[in-house]
Amino acid sequence: MALTAASLALIPLMGSVQWPDSSVPQLRDPDALSLVLAALCTLPVAARRLWPLLALTFTTLPGLALQALGHSPGLRGVAALILLYSVAAHRGLALSLIALAVTGLGYAVGVLLSGEPASWTDHVIVVVLTMLCWMGGRSVRLRRAYLAELVDRTDRLERAREADTRAARAEERSRIARELHDVVAHHVSVMTVQAAAARKMLAVKPDVARDALTAIEEMGRTAMAEMRSIVGVLRTDGPAELGPQPGVQDVPTLVEQMREAGLRTQLSVEGDVGGAAEGKERALPPGVDLAAYRLIQEALTNSLRHAGPAARAWVTVRRESRELLVHVEDDGRGPAAEQRPPGRTGHGLVGIRERVALYGGVLRIGPRDGGGFEVSARFPLKDR
């Protein structure tokens with residue numbers, strides 16, 4: 001509206017100007033029609049945000065009519081430049097090029113219709129102003145698109161970071177759950193067997209019962225120490241209690257615990273299977289070292305619980321050139337399915353599968369030829 005008011009106020013002034021050059025045609029005095037057309041040349045600027053190209057076209061047509069009738073177009077040129085900038089700033093390249101063509105064509109036709117002589121300097125000034133408005137609009141649009149892309153990329157990176165954080169938390173919770181299950185299931189199973197033996201021998205052989213109770217006490221302390229080490233990473237009010245993770249080098253101690261609990265276990269170690277904590281040149285990777293230990297622990301715990309009182313177990317750990325073989329078998333009756341509540345399965349085997357799959361290994365769990373149960377896993381080893 002301000003541009004329209006300024007244009008209508010300027011038209012009478014432009015009509016009263018006397019040009020010293022008689023070759024320049026004198027503009028006709030404004031009348032009602034010319035004022036209406038002049039207003040139509042600037043009013044479309046109000047719609048520059050909604051329909052800038054259409055507004056530019058509506059601005060050009062009344063201006064050409066005024067120039068053909070010999071009336072002053074007022075500030076139509078300013079309105080055309082504003083609309084050209086709006087198209088370039090808020091529309092795509094194709095529409096901005098069409099707007100530039102409409103503006104140039106409108107100027108050329110207007111010059112022909114008015115019959116006013118114009119120097120090359122005037123034409124150059126008009127072209128430069130037109131290109132500056134168009135390039136300014138395009139720069140603003142490209143800058144806005146660049147900033148929008150940066151914001152979108154930042155949002156995507158933030159969402160990806162949050163997704164990675166959630167995945168890492170879920171993986172850590174799963175790892176801690178596996179560790180807790182392995183520790184609790186093993187030690188509680190051994191303590192249960194020892195407690196049953198102590199109860200049976202309490203009246204007959206007090207010394208044997210006393211030894212069993214001592215083993216239960218030591219096993220409970222060991223379980224509490226391992227649980228504190230695992231759960232310590234969840235604490236935020238102080239430093240976690242850190243300690244070395246068990247590995248293949250601790251399997252003999254594990255086998256000895258099984259023997260004390262009543263499971264006759266034999267251990268066979270072939271090849272250089274030094275644990276990761278020993279610092280040897282051919283030490284096992286820490287992850288594989290821990291996974292192999294937990295597999296043996298879970299398999300022997302299952303044998304202790306389900307194989308029967310007279311069962312025997314064999315543990316074989318063999319390191320070959322490119323893989324580590326872990327094999328645990330027993331000659332008992334196997335897991336007693338009838339002792340499990342319907343619809344329930346333990347988490348031990350699931351944890352074993354996850355551990356082996358994590359390091360690209362191959363796992364076999366099932367009945368053993370000739371009776372019993374076996375767990376076998378092969379872990380690939382990378383060359384150091």
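Student: What does Leu300 touch?
Tutor: Not counting residues up to four places away in sequence, Leu300 touches Leu254, Val255, Met258, Leu263, Thr265, Ala313, Val315 and Val328. A contact here means heavy atoms within 4.5 Å. Please note that this is a predicted model, in which local features need pLDDT of at least 70 and side-chain atom pairs count only at pLDDT 80 or more, while totals for chains, interfaces and linings use all residues. Residues are numbered from 1 along each chain as its sequence is written, and side-chain values use heavy atoms, with hydrogens and water left out.

Student: Which residues in α8 are buried?
Tutor: In α8, these are Val251, Leu254, Val255, Gln257, Met258 and Ala261. Buried means under 20% relative accessible area, exposed over 50%, and partly exposed in between (1.4 Å probe, protein chains only). Helices (H or I, at least four residues) and strands (E, at least two) are DSSP runs, numbered from the N terminus.

Student: Where on α8 do they sit?
Tutor: They are on the same side of α8, because they cover an arc of only 155° around the axis. That arc is taken from the directions from the helix axis to the C-beta atoms.

Student: And just after α8?
Tutor: Gly262 follows there, with a positive phi of about 110°.

Student: Which parts of the chain does the pair Arg364 and Glu374 link?
Tutor: Those side chains form a salt bridge (2.1 Å, N to O). The pair links distant parts of the chain, with Arg364 in strand β4 (residues 362-367) and Glu374 in strand β5, 10 residues apart.

Student: Is Glu374 buried or exposed?
Tutor: Glu374 counts as buried, because its relative accessibility is 13%. Arg364 is partly exposed, with a relative accessible area of 41%.

Student: How many salt bridges are there?
Tutor: The count comes to 11.

Conventions
Salt bridge = Lys/Arg side-chain N within 4 Å of Asp/Glu carboxyl O.
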